[in-house]
Amino acid sequence: MESTEPAPPTREGTGADLDGCVELLRKLLPEESLITDRQRVRTYECDGLASYRTVPAAVVLPESTEQVRSAVAACSEHGVPFVARGSGTGLSAGALPRADGVLIVISKMRRILELDIANERAVVEPGVINLDVTKAAEPYGYYFAPDPSSQQVCSVGGNVAENSGGAHCLKYGFTTNHVLAVQVVTADGELVELGGAVHEAPGYDLLGSFIGSEGTLGVVTSITVRLLRSPESVRTLLAGFPSTDEAGAAVSAIIAAGVTPAAVEMMDALSITAAEQAVRCGYPEGAGAVLIVELDGPHPEVERTFTEVWQHCDGHGAFEIRTAADETERALIWKGRKSAFAAVGRISRDYIVQDGVIPRTALPEVLRRIAELSAESGVRVANVFHAGDGNLHPLVLFDGSEPGAAERAEEVSGAILELCVEQGGSITGEHGVGADKVRYMGRMFTAEDLDVMQCVRCAFDPGGLCNPGKVFPTPRLCGETPGRRRGVHPLTEAGLAEQF
């Protein structure tokens, strides 16, 4: 039954024709691939960052590249903005829909098109779940390295859009290090190939520009990924420390000794409490911090470096160290860490999952400053992070039913990001900018930096239809068309608006 809610707003003055676009979509797509019912489209009003919600005007569920092309071409012809979405697990509102636009959900495109073990690669559709690539390659002794905490549900297409990482990116790098080529539908409906079957093709690195562009340059319809040979040996260690200071010092000592673990993860006392309540992972009782260190590679090398890691943990105050004897114990050690984000819901009604990066050596100071921010504001902060590469994930806790609590949490969350920038880090490590962090881009980049980025974006999408409003603090001024800035905007000159 159709909803009686009023129709979504249109892009007045932009030439957009939403009704015409939907009418064309009905002609081009199977009936079941288009949703316009106001109640049904509400299912897609947010991604993993549920504090941002917008009901899209229409949802398209394509099952093929040609259907994606049809959807994009219809939007292009009628000047309607569109947003691509995978599994919707993103944490920066990167797939937040437009009320005046079309949401293209690629979750039905989940076929593994080719498994080319001889050349150590696979070709997959964008809706394929991350972990399913490894499951397909595992019988042949291979796996797909990028492993976000949501790898059981997130899509490879979403990984490409956000350049996702995961616990093992310390040693193996982010998604961009594991993608050889992508097939992309550009904003005008054209189908193009970026990259190729081999690394280091001549010419500009357009593939590198596309990966991590958060859906602002086009919609990916197939991805050629690298497969890695499964390591000969894997060893996992869990160490409990009195505080994050000792744990941080152990991390620095491990890296300084020339050891490159596959993963080094840290959780503080509050996040340990949440994980214990949720999954009973059995972490050391009374720990102010735990470290999970995983080593992989040839057996002799793993055994030698494992001994070194043990010694560094022991020498920096670890009061309990355990090693996983088998896959079951290894999975239990990881269970607490992998479930940490969701587990925080056990101790707080609402929370913000933040994402920032700092130099690894700044960890002790930054964690102390976060603790000070928490104490001064009365806002609790739980810390779960990739300690090996300085990628923080502070979880800022609040109760949305308490007046002013959400605003205080936002202030603390923003102050943590500014602390990251102050330390020479970044406002995001692997969650993207999306709609959530556009206001902080000006803290990292100059207007000239952003102009250069806009030139790249406009080369792919001159009409600004592809996921507008994300990544860039644009329209930097209301109504401004994305593009290169020329001179001071009249509203800025008149003191009526701020230009980042």
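Trainee: Is Asn163 buried or exposed, going by its relative accessibility?

Mentor: Asn163 counts as buried because its relative accessibility is 18%. Buried means under 20% relative accessible area, exposed means over 50%, and partly exposed lies in between, using a 1.4 Å probe and protein chains only. Before we go on, note that this is a predicted model, in which local features need pLDDT of at least 70 and side-chain atom pairs count only at pLDDT 80 or more, while totals for chains, interfaces and linings use all residues. Residues are numbered from 1 along each chain as its sequence is written, and side-chain values use heavy atoms, with hydrogens and water left out.

Trainee: Where is Asn163 found, and what is its phi near?

Mentor: Look in the loop between α4 (156–162) and α5 (169–172). Helices (H or I, at least four residues) and strands (E, at least two) are DSSP runs, numbered from the N terminus. The phi of Asn163 is near 50°, a positive value in a residue other than glycine. Ala93 is not a glycine either, and has a positive phi of about 60°. Ala93 lies in the loop between β3 (82–85) and β4 (102–105), and counts as buried because its relative accessibility is 0%.

Trainee: Now a strand, please. Which way do the residues of β13 point?

Mentor: In a regular strand the side chains alternate between the two faces of the sheet. Here, Ala263, Glu265 and Met267 point one way from β13, and Val264, Met266 and Asp268 point the other way.

Trainee: Which strands does β13 pair with?

Mentor: Two strands pair if DSSP finds at least two bridges between them. β13 runs antiparallel to β14 (residues 289–297), with 6 bridges joining them; Val264 stands opposite Val293 there. With β18 (residues 381–386), β13 pairs in the antiparallel sense over 3 bridges, and Val384 is the bridge partner of Met267.

Trainee: What is the volume of the second largest pocket?

Mentor: Rolling a probe the size of a water molecule over the atoms shows where empty space is left. On a 1 Å grid over the protein atoms alone, a pocket is an open set of points where a 1.4 Å probe fits, with protein on both sides within 12 Å along at least five of seven lines; lining residues have an atom within 4 Å of a point. Grid points are joined across faces, edges and corners, and a volume is the space filled by probe spheres set on the points. Here, the volume is about 630 Å³. Of the 29 lining residues, the closest to the centre are Gly212, Ser213, Glu214, Val433 and Val471.
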